[in-house]
Amino acid sequence: MIFVLKGKGHSIIGDGPTEKRYEWGEGDLVSVPIWEWHQHFNDSGDEPVTYLGITNLPLLRAMGLNTLEDSTG
């Protein structure tokens, strides 16, 4: 997840047919699904974007929810 402290921009989350664009700005919280392809873009012109990157992986590990399933068949 990212919490935007300053600036504005957008994120592309997903790949191919699942790709979606999400606009964000100061005070917004963007949640990126675990292992999902994503890219963040600064739309603030010459101004920097400041955000906090947050992960919940330690919590998922503690709850035993961090395992991956093989989807290749």
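**View 1. The largest pocket of this predicted model holds about 310 Å³ of space.** A pocket here is an open set of points on a 1 Å grid over the protein atoms alone, where a 1.4 Å probe fits, with protein on both sides within 12 Å along at least five of seven lines, and lining residues have an atom within 4 Å of a point. Among the 14 lining residues, those closest to the centre of the pocket are Met1, Val32, Ile34, Ile54 and Thr55. Residues are numbered from 1 along each chain as its sequence is written, and side-chain values use heavy atoms, with hydrogens and water left out. Because the model is predicted, local features need pLDDT of at least 70 and side-chain atom pairs count only at pLDDT 80 or more, whereas totals for chains, interfaces and linings use all residues.

**View 2. Valine 4 lies in strand S1, residues 2–6.** Valine 4 counts as buried because its relative accessibility is 1%, where buried means under 20% relative accessible area with a 1.4 Å probe and protein chains only. Beyond its neighbours within four places in sequence, valine 4 is in contact (heavy atoms within 4.5 Å) with residues including Trp24, Gly25 and Tyr51. The C-alpha atoms of valine 4 and valine 30 are separated by 8.2 Å, although the two residues are 26 residues apart along the chain.

**View 3. Serine 44 sits in the loop between strand S5 (38–42) and strand S6 (50–53).** With a relative accessibility of 17%, serine 44 also counts as buried. A polar atom of the serine 44 side chain lies 2.8 Å from the backbone nitrogen of lysine 8.

Terms used
Grid points are joined across faces, edges and corners, and a volume is the space filled by probe spheres set on the points. Helices (H or I, at least four residues) and strands (E, at least two) are DSSP runs, numbered from the N terminus. Buried means under 20% relative accessible area, exposed over 50%, partly exposed in between (1.4 Å probe, protein chains only). A polar contact is a pair of N or O atoms within 3.5 Å; within protein, one must be able to donate a hydrogen and the other to accept it, and residues adjacent in sequence count only if both atoms are side-chain atoms.
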